[in-house]
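Morning, everyone. Let me put the model on the screen, and then we'll walk through a few contacts.

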Amino acid sequence: MKKRYFDDLKVGDRFISEPLEVKGKEVIEFAHEFDPQRFHLNRKSAKRKIFKGLIASGWHTAALSMQLCLASDFRPAGGILGTGGELIWSKPVRPGDALRVEIEVIETRSSRSRPEQGVVKVRITTLNQHGETVQTFSPTLLVDRRPDQR
């Protein structure tokens, strides 16, 4: 896949990943290790909770979203190196859901302190198989400039 330098990215550029199915076993395994709450661990007890069934941890959704970003053709030079951002979980993710990400460049500017890099703000929207938004992440990224344009 083509590496994209700061100078290649423009406001409005969009990148879309292929879908990835969320597996129930992986939801439970992730929860056991990183977010051991009942509605992530046990199908039976999860039915009695607010979500009415087993759901993935938001952190699992975030990790899957990162995996999808890395599998897409959004390949910033220097990697996806974030300096912060806003993360919103808007709908639960359930076993069997097929997630995909849509990445949109929403802002670009030169870095004053790092002339070899630019600052790129993106909106990463994670959607399920019904096109419903399950997560939105708006990070600010540092992206390398082309070596000949520094």
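Which residues in helix 1 meet which residues in helix 4? Glu26, Val27 and Phe30 in helix 1 meet Trp59, His60 and Ala63 in helix 4. Contact here means heavy atoms within 4.5 Å. Helices are DSSP runs of H or I with at least four residues, strands are E runs of at least two, and both are numbered from the N terminus. By class, this contact has four nonpolar, one polar and one charged residues. Ala, Val, Leu, Ile, Met, Phe, Trp, Tyr, Cys and Pro count as nonpolar, Asp, Glu, Lys and Arg as charged, and the others, Gly among them, as polar.

Ground rules next. This is a predicted model, where local features need pLDDT of at least 70, side-chain atom pairs count only at pLDDT 80 or more, and totals for chains, interfaces and linings use all residues. Residues are numbered from 1 along each chain as its sequence is written, and side-chain values use heavy atoms, with hydrogens and water left out.

Back to the helix pair. Helix 1 covers residues 24–34 and helix 4 covers residues 58–71. They pack at an angle of about 115°, with their axes 9 Å apart. The axes are lines fitted to C-alpha atoms over the stretch in contact, and angles run from 0 to 180 degrees between N-to-C directions.

The rule is a side-chain nitrogen of Lys or Arg within 4 Å of a carboxyl oxygen of Asp or Glu. The two residues sit four apart in helix 1, about one turn. Lys25 is exposed at 61% relative accessibility, and Glu29 is partly exposed at 44%. Cut-offs: buried is under 20% relative accessible area, exposed is over 50%, partly exposed is in between, with a 1.4 Å probe and protein chains only.

How many salt bridges does the rule give? The count is 10.

Now the strands. Glu102 forms a salt bridge with Arg14, the closest N and O atoms being 2.9 Å apart. Glu102 lies in strand 4 and Arg14 in strand 1 (residues 14–16), so the pair ties together parts 88 residues apart in sequence. Is Glu102 buried or exposed? Buried, at 18% relative accessibility. Arg14 is partly exposed at 46%. The side chain of Glu102 also makes a polar contact with the side chain of Arg100, at 3.3 Å. A polar contact is a pair of N or O atoms within 3.5 Å; within protein, one must be able to donate a hydrogen and the other to accept it, and residues adjacent in sequence count only if both atoms are side-chain atoms.

Next pair. Glu104 forms a salt bridge with Arg123, closest N and O atoms 3.3 Å apart. Glu104 is in strand 4 and Arg123 in strand 5 (residues 117–127), 19 residues apart, so the pair links distant parts of the chain. Shared partners join Arg14, Arg100, Glu102, Glu104 and Arg123 into one network of salt bridges.

Last stop: Ser90. Ser90 sits in the loop between strand 3 (81–89) and strand 4 (98–110). Ser90 is partly exposed, at 46%. Not counting residues up to four places away in sequence, Ser90 touches Thr133, Val134 and Gln135. The Ser90 side chain reaches the backbone oxygen of Thr133 at 2.9 Å.
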